[in-house]
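Thank you for asking for a note on this structure.

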Amino acid sequence: SSSFSATSSALEASTAAYDHDVDRRSKWLCSVAEHFLVGLIYEERGDANDHKEAWHHYNRLLSLARTKLDHRHPYICSLLERRGAVLFSQRKLQCSMLSYTACLHVLEHQQSNGSNVFNQADLARVLYAVARVLHDKEEYHDALGMYNRALSCQREVSINSTRPSLDVITTLCNISRVHHLSGDLDAALSANKE
């Protein structure tokens, strides 16, 4: 009788925990649908007001995610990247930079812990985005360093290809532009030739 009671109590406790977990996951998925997916739709439309709406939705979900998840969770990284892109489109370069660098720190943390959630292509994309912001902020020295890091990752990703990827070509073009703007014409010519 006491064994049945203990088993029954354990079953009730595990059922309650399961119901709580299902409820928590359901609420999270509803928030993702309400904010992340809607934010992506607004972002894709490309209008200035749509970018404001996308930013609003990404911020709402980011606030929720930061209370429910670790600050270095992959979801946080994805939200920071999307928010950085929207802010860049709005030409809010300093805010975009903050969002992208926070994203980069999360991504690097995930990779340093052996997580396989993000790969070299993800790292290359974020490094390139940071470099683009620095480039537009006219911080050429820092932009060049980030472009070179992005280029290294992009080359690693396209190592099995017989032709350079469009990402590699785009990054080399921007490296050439930065060298040209910095007055280093030989380096600009070299990047263009490559």
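1. V117, a residue between two helices. With a relative accessible area of 46%, V117 counts as partly exposed, and its place in this predicted model is in the loop between helix 4 and helix 5. If the neighbours within four places in sequence are left aside, V117 is in contact with P74 and D122.

2. The overall layout. The protein chain contains eight helices and zero strands, and the order of its elements, read from the N terminus, is accordingly α-α-α-α-α-α-α-α. Of its 194 residues, 37% count as buried. The accessible surface of the protein chain comes to about 11,700 Å², and carbon and sulfur atoms hold 54% of that surface. When the contacts with a separation of 6 or more are considered, 52% of them are accounted for by residues 24 or more positions apart.

3. The nonpolar core. Which residues have the most contacts inside the largest nonpolar core? They are L79, L127, M146 and Y147, in a core that has 46 residues. Two or more residues are given to this core by each of helix 1, helix 2, helix 3 (74-89), helix 4 (93-112), helix 5, helix 6 and helix 7, and the largest share, which amounts to ten residues, comes from helix 5. For L127, once its neighbours within four places in sequence are set aside, the contacts are with L104, M146, R149, A150 and C153.

4. Because F36 lies in helix 1 (residues 2-45) and Y58 in helix 2 (residues 48-68), the pair ties together parts that are 22 residues apart in sequence. Both F36 and Y58 are buried.

5. The second aromatic pair. The ring centres of Y128 and Y147 are 5.7 Å apart and their planes stand at 50°, so this pair, too, is tilted. Y128 belongs to helix 5 (residues 120-136) and Y147 to helix 6 (residues 140-157), and the pair thus links distant parts of the chain, 19 residues apart. Both Y128 and Y147 are buried, and Y147 is also one of the residues with the most contacts inside the largest nonpolar core.

6. R91 is found in the loop between helix 3 and helix 4 and, at 45% relative accessibility, counts as partly exposed. This arginine lies over the face of F88, at 5.0 Å from the ring centre.

7. Although E138 is not a glycine, it has a positive phi of about 65°.

8. The structure holds zero disulfides. Is C30 buried or exposed? With a relative accessible area of 51%, C30 is exposed, a value that lies just over the 50% cut-off for that class. C153, by contrast, is buried, with a relative accessible area of 7%, and C153 is among the residues that L127 contacts when the sequence neighbours of L127 within four places are left aside.

9. H179 in helix 7. H179 is found in helix 7 (residues 166-182) and is buried, with a relative accessible area of 15%. With its neighbours within four places in sequence left aside, this histidine is in contact with L144, D184, A187 and A188.

Notes. Residues numbered from 1 in each chain as written. Predicted model: local features only at pLDDT ≥ 70, side-chain atom pairs only at ≥ 80, totals over all residues. Heavy atoms only, no water. Helix = DSSP H or I, 4+ residues; strand = E, 2+ residues; numbered from the N terminus. Buried < 20%, exposed > 50% of the residue type's maximum accessible area, 1.4 Å probe, protein only. Phe/Tyr/Trp six-rings, centres within 6.5 Å; stacked < 30°, edge-to-face > 60°. Lys NZ or Arg CZ within 6 Å of the ring centre and 35° of its normal. Contact = heavy atoms within 4.5 Å. Disulfide = S-S within 2.5 Å. Core = buried A, V, L, I, M, F, W, Y, C linked by side-chain atoms within 4.5 Å. Areas by Shrake-Rupley, 256 points an atom, 1.4 Å probe, with all protein chains shown as cover.
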